[in-house]
Amino acid sequence: MRDLLTIENLRTHFFAPEGTIKAVDGVSLRVREGETVCIVGESGCGKSITALSVMGLAAGSSGKVVGGRIEFDGRNLLELDKNELRTLRGHEIAMIFQEPMSSLNPVLPVGEQIMEPLIEHLKLGKKAARARAIELIAQVGIARPEQIANAYPHELSGGMLQRIMIAAAISCSPKLLIADEPTTALDVTIQAQILDMLRRFKAESNMSILLITHDLGVVAEMADYVVVMYAGKVVEEGEVTELFSHPKHPYTKGLLRSKPILNHRQDELYAIPGQVPNPLELTVSCYFHDRCGQCMDVCRSREPRLREAGERHRVACWLYEEAVAYV
Amino acid sequence: MSAFLTKRLLYTVVILLAASLLIFSLYAWTPGDFISGNIKLTPERKAELREIYGLNKPVLERYATWMKHAFHGDLGYSLAQQKPVLTLFNEYIWNSFLLAAVSTFFTWLIAVVIGVVAAYKQYSWFDTLVMVVIFGAMSLPSFFIGLFLIKILAVDWKLLPPGGMLTTGSNATGIAYFREVVRHMTLPVVVMTLLGIGSLTRYIRGNLIDVLKQDYIRTARAKGLKERKVLFKHALRNALLPAITLVGFELPSLFGGSLIIEKIFNWPGIGQLYMQSFGLRDYPLLMGFTVLIAILTVIGTLLSDILYRVADPRVRLQ
């Protein structure tokens, strides 16, 4: 399988009056053709910013990609000019978001919002775009597509809106779909339908998916490869079966332990103690050290490197560093 | 929609009745009347005139009389000008409307353009400069900026006429008349636009900044739309929705004239006439004008409610 997206040492920082927030700090990952890669982590760990950096949408008034490479299909996205990047967006790389209710423009009919990328990228005329939009609405499993095309977002349910978002995203047959917590705001039955649909489109078109989630159930169902992020860094990555059966990093282990298991009643569900560190107060260390049950002296003063821990499995933790012996 | 309209029109009638009663009582209870200001009259003559004009009758009875005539489309006869109120309105209101319409048009046009650019380039040097200038313009009183511009542009540089609507003694017609009016209205329009632009620009800038942070703007960008499309198709329409309320408020001010500007530029508008009538207690004219403004206000709000339903699909169905 060919690499479609390679992110190397990506650093996206936000400059606040209180200091620099290193939202993404040296993240590397790769998505191969037809593969689903999941980025897992708690809120604020930088997973969404990683995705937005790929889209070229992380840079706002205060944020900026300060270093690294993002190579997509042979092109370094960070070197493209604004217009070249724009023509990739929605065409070769599409994205769907967490909140379908607020992600669609309230004053435009949903059909028109699906038509936009078709007109922009595939240069379809209005009529052809509309016909295609109606086809797409039917494809994402919505009945009466002609009527729904004229509906406004407030008239549809969250699940339907996420389907509309997916219809707009896949309209130009992208090579990569970035899905940022696509099912978090939906109820469980709808979640399963949406995930099924994503898998189906992926199989039909050999599209790659970069899925961002904090839900390990979603990971288990969707991922080929998993990247675990914590405080802007990758702490562990590996193929999904390997990672679930042999988690190495205490954070990954904690995440897996805190996942409820069906038909398995516990008095108390495990939760990783403590909170995500304040990004302004990070010092050179393993950022997980103050929540870690196996914290050693070295964890407080030195940052562990990401190193091989098996076949396609890497972890950044002092527990697995031979160097520890010498410290 | 028709049920909504019926209900709203019913409210409108009630509001207008209440407003007219209130306005009438306020004018009637203010000390003094049209007669008392004239010191040349003997007390006997005053009583006689009050009898003739009906000013000695109880307020409610006077109101009922006024109302009866108003329902027949007769707003009475101006005591001071000795002309029907409606004729006077027709003479003066259109002059005011001309000023107000042109300056409102420029105010909105400039405010939208500057507001959009300032919001899009928030905290840039352009944004900062515009905000400083706008606060400056908003803080200056209209009489000061008006007189200042007359001094510079009309008196010192003699570029534009200092006041009036036509040059004294002019009998220009056709194109020449049009050009003369345009030259005379330039200064007042500039001042009115300068004063109006500030708050509207801030309003549009603020709304647009909020809208640009919305998720659907990120979606529009993620779809690879051109920034122009993101800004004007997706953002501006949402940002201007709340401004529809302001459009309703503009209606009375379009016809209401401007007391200070018309005074400074000696513009023959309804504002000046109103001010004069107020000093003289010319009840029929005061009453007619205030009720007209009340009617326009009510129509304006109704209009903005209807516009809202047209522009915002979320309001349409409720």
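**Exercise 1. Find what share of the contacts in chain B with a separation of 6 or more joins residues 24 or more positions apart.**

Solution. Start with the term: a contact means heavy atoms within 4.5 Å. Among the contacts in chain B with a separation of 6 or more, 72% link residues 24 or more positions apart.

Before you go on, a word on the model: it is predicted, local features need pLDDT of at least 70, side-chain atom pairs count only at pLDDT 80 or more, and totals for chains, interfaces and linings use all residues. Residues are numbered from 1 along each chain as its sequence is written, chains are lettered from A and ligands numbered from 1 in the order in which they are written, and side-chain values use heavy atoms, with hydrogens and water left out.

**Exercise 2. Describe the secondary structure and the burial of chain B.**

Solution. Step one: helices (H or I, at least four residues) and strands (E, at least two) are DSSP runs, numbered from the N terminus. Chain B has 14 helices and zero strands. Step two: buried means under 20% relative accessible area, with a 1.4 Å probe and protein chains only. By that cut-off, 43% of the 318 residues of chain B are buried. Step three: the C-alpha trace of chain B spans about 85 × 60 × 40 Å along its principal axes.

**Exercise 3. Work out the strand order of the four-stranded sheet in chain A, and find its edges.**

Solution. Two strands pair if DSSP finds at least two bridges between them. The order in this open, antiparallel sheet is β2-β1-β4-β5 (chain A). β2 (19-32) and β5 (75-76) of chain A are at the edges with a single partner strand each, so one side of each has no neighbour in the sheet. Now zoom in: β1 (residues 3-16) of chain A pairs with β2(A) over eleven bridges, in the antiparallel sense. Phe14(A) has Ile21(A) as its bridge partner in β2(A).

Note on methods. Buried means under 20% relative accessible area, exposed over 50%, partly exposed in between (1.4 Å probe, protein chains only).
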